[in-house]
Amino acid sequence: MSQGGGMHVAIIMDGNGRWARSRGLPRTRGHREGANAVRRVVEAAPGLGIDTLTLYAFSADNWKRPRPEVNALMRLLHRYLRTETAELVERGVRVTLLGRRDRLPSRVLSAAEAAESATRDGTELELRLAIDYSARDALVRAAELLRGSHDPVCLHRFSQALAQAMHAPGLVRDVDLLIRTSGEERLSDFLLWECAYAEFVFTPTLWPDFTGEDLRKAVEVYRQRDRRFGGLSAEGERQAAAG
């Protein structure tokens with residue numbers, strides 16, 4: 001388990017466009033259906049022992065997409081934050097925004113910060129939304145924050161700086177389980193530091209089809225893994241002790 005006692009699960013939500021294309025629908029319809037999948041996993045997560053859920057909602061590289069699609073994604077993010085906040089408060093979900101804030105449309109940033117404020121007392125689940133996020137950018141900005149420091153730079157202090165670079169409260173938290181949907185098997189500049197010892201589960205399921213049951217199956221796979229963090233398993237330690 002990670003620092004908070006429960007699991008930290010991060011999800012790269014991939015496949016909205018392919019879901020729509022396979023049905024002869026516009027890509028924007030796939031993104032709308034993907035928002036329903038977000039609702040399902042947020043509802044399912046606390047019952048599976050997950051207390052932190054980080055979702056890759058919009059990467060820094062997604063600005064390269066066609067302007068109409070970017071605008072549609074921003075409208076969807078704004079709508080989700082505005083319409084879901086009351087439900088998130090009721091469920092005890094605390095919302096945290098990760099990533100750059102200076103490039104977001106003002107209404108999206110206002111809705112995100114309003115959601116952060118309204119949900120700040122939530123204790124059942126921390127929902128971290130990575131929007132305009134780049135792990136490489138966050139690492140560079142963390143290093144810049146420490147430039148000129150006369151104190152020894154240790155992992156703890158760098159973790160603090162990284163959290164500050166992402167506007168995240170507290171310390172950066174390690175990811176226990178990273179899930180990527182749609183069959184792709186890469187990190188795509190997502191939580192590179194936090195995933196140092198994460199377990200990965202890749203599923204061919206397209207994100208709009210992802211359900212609470214799919215999340216449960218991924219968690220079950222994770223729980224069957226032998227996490228050694230560079231050391232030996234319990235059996236390996238017994239064999240080493242026996243010579």
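**Figure 1. Order of the elements in the predicted chain.** From the N terminus on, the elements run β-α-α-β-α-β-α-β-α-α-β-β-α-α. The secondary structure comes to eight helices and six strands, where helices (H or I, at least four residues) and strands (E, at least two) are DSSP runs numbered from the N terminus. This is a predicted model, in which local features need pLDDT of at least 70 and side-chain atom pairs count only at pLDDT 80 or more, while totals for chains, interfaces and linings use all residues. Residues are numbered from 1 along each chain as its sequence is written, and side-chain values use heavy atoms, with hydrogens and water left out.

**Figure 2. Packing of helices α5 and α6.** Two packed helices are described by the angle between their axes and the distance between the axes. Helix α5 (residues 135-146) and helix α6 (residues 155-165) pack at about 115°, with their axes 8 Å apart; axes are lines fitted to C-alpha atoms over the stretch in contact, and angles run from 0 to 180 degrees between N-to-C directions.

**Figure 3. Residues between α5 and α6.** The contact (heavy atoms within 4.5 Å) is made by A138, L139, R141, A142, A143, L145 and L146 of α5 and by R157, F158, A161, L162, Q164 and A165 of α6. These residues divide into ten nonpolar, one polar and two charged. Ala, Val, Leu, Ile, Met, Phe, Trp, Tyr, Cys and Pro count as nonpolar, Asp, Glu, Lys and Arg as charged, and the others, Gly among them, as polar.

**Figure 4. Burial in the chain.** Buried residues, those under 20% relative accessible area with a 1.4 Å probe and protein chains only, make up 50% of the 243 residues. The C-alpha atoms fill a box of roughly 65 × 45 × 35 Å, taken along the principal axes.
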